[in-house]
Amino acid sequence: MLTFSAFCALGCLVRYAAEVFAGLAIRVQRYWATLAVNALGSMTVGLASAHLISDHTLILAFCGGMTSFSAAIAAPAHAWRDGSRRSSVVVLTTTPLLCIAAYALGASL
Amino acid sequence: MPTFKPAHSLLVRLLAVLGGGFIGGALRYVILTDLTSAAGARYGVYPVPSLADSIDLRLFVINTVGVFIATWLLLGPMGNSSPDAPGRLFWTTGVLGGLTTYSTLIGELGALWGQNRGVAVLIGALSVGAACGAGWLAYQIRQRLERGS
């Protein structure tokens, strides 16, 4: 459990780094970075599920920490309240579609 | 877009994310793993589930409750603080971010897809719909509380 939690924490750190990078370097709202890492994590899980026969618990732990259901919905809700309603609707609707597409892409590679 | 100057050192922010993520990951592991059986050692493999077992209620509850709490926190006083405030990073980015997961849900749906596509679509729609509903509920309660005070 300790190793699983440590890999999960590393995944959270990667998500945070992506959000900071999006805010400072690309100058976009952080939830766009959350959308990107959710898709990237789903693609990695698709890749691991399709091509790794052995146990890949740690990949799932890392990707589970990197992807976040709560941030994918709470951050757009926060943006909705602050007036960025079009962006929040776009993020809410595209996240599941993009994650499914990314998983399929990862599994087909 | 509001810009915030980080008021706390990089080390404090990294520790907040790592500490929260560690706790969130441990909670998810304990909840999703059946520690009393050998299945606990095989958490990392997606078995093709039988249709009767296709709805993982534990993951469903984790994601739905996590969304409610995160939305509740972000629409409260915590949401008015800097996105780099350690408390906000610990709870929302760390604990709740580590607890809830998109990739595990997508992985389970992918395993189910080969067996019954209709059920996979239904479970996916239910999971996302329930989470959106939880976020909407937290939003409405917060709005009512703000209007009442």
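Me: pLDDT is the predictor's confidence in each residue, from 0 to 100, and two residues are in contact if their C-beta atoms, placed from the backbone, lie within 7 Å. Over which residues of chain B does pLDDT stay under 50?
Reply: This is a predicted model, in which local features need pLDDT of at least 70, side-chain atom pairs count only at pLDDT 80 or more, and totals for chains, interfaces and linings use all residues. Residues are numbered from 1 along each chain as its sequence is written, and chains are lettered from A and ligands numbered from 1 in the order in which they are written. Chain B averages a pLDDT of 83, and 81% of its residues score at least 70. The stretch under 50, for which the model has 5 contacts beyond four places in sequence, is residues 36-42.

Me: Which ipTM does the predictor give the complex?
Reply: Where pLDDT is low, the predicted coordinates should not be read in detail. For the complex, the predictor gives a pTM of 0.86 and an ipTM of 0.91.

Me: Which pattern does chain A follow along the sequence?
Reply: Helices (H or I, at least four residues) and strands (E, at least two) are DSSP runs, numbered from the N terminus. Chain A has 5 helices and 0 strands, and chain B likewise has 5 helices and 0 strands. Chain B reads α-α-α-α-α; the pattern of chain A is α-α-α-α-α.

Me: What is the radius of gyration of chain A?
Reply: The C-alpha trace of chain A spans about 45 × 30 × 25 Å along its principal axes. The radius of gyration is taken over C-alpha atoms, and the globule rule is 2.2 Å times the number of residues to the power 0.38. For 109 residues a compact globule would have a value near 13 Å, which agrees with that of chain A, 14 Å.

Me: What percentage of the residues of chain B count as buried?
Reply: A residue is buried if 20 or more other C-beta atoms lie within 10 Å of its own, exposed if 12 or fewer, and partly exposed in between, with C-beta atoms placed from the backbone. In chain A, 59% of the 109 residues count as buried. Of the 149 residues of chain B, the buried percentage is 42%.

Me: Which helix supplies the largest share of the side of chain A that touches chain B?
Reply: The contact takes 44 residues from chain A and 47 residues from chain B. On the chain A side, α1 (2-26), α2 (30-51), α3 (57-66), α4 (69-81) and α5 (85-108) each supply at least two residues. The largest share of that side, 10 residues, comes from α1(A).

Me: How many residues of that side of chain A are charged?
Reply: Ala, Val, Leu, Ile, Met, Phe, Trp, Tyr, Cys and Pro count as nonpolar, Asp, Glu, Lys and Arg as charged, and the others, Gly among them, as polar. The residues of the side of chain A that touches chain B comprise 24 nonpolar and 16 polar, and the number charged is 4.

Me: How far apart are the C-alpha atoms of A:Phe62 and A:Cys12?
Reply: A:Phe62 is in helix α3 of chain A and counts as buried because it has 26 C-beta neighbours inside 10 Å. Beyond four places in sequence, A:Phe62 is in contact with A:Phe7, A:Cys8, A:Leu10 and A:Gly11. A:Cys12 is 50 residues away from A:Phe62 along the chain, and their C-alpha separation is 8.0 Å.

Me: Is A:Arg27 buried or exposed?
Reply: A:Arg27 lies in the loop between α1 and α2 of chain A. A:Arg27 has a positive phi of about 60° although it is not a glycine. With 9 C-beta neighbours inside 10 Å, A:Arg27 counts as exposed.
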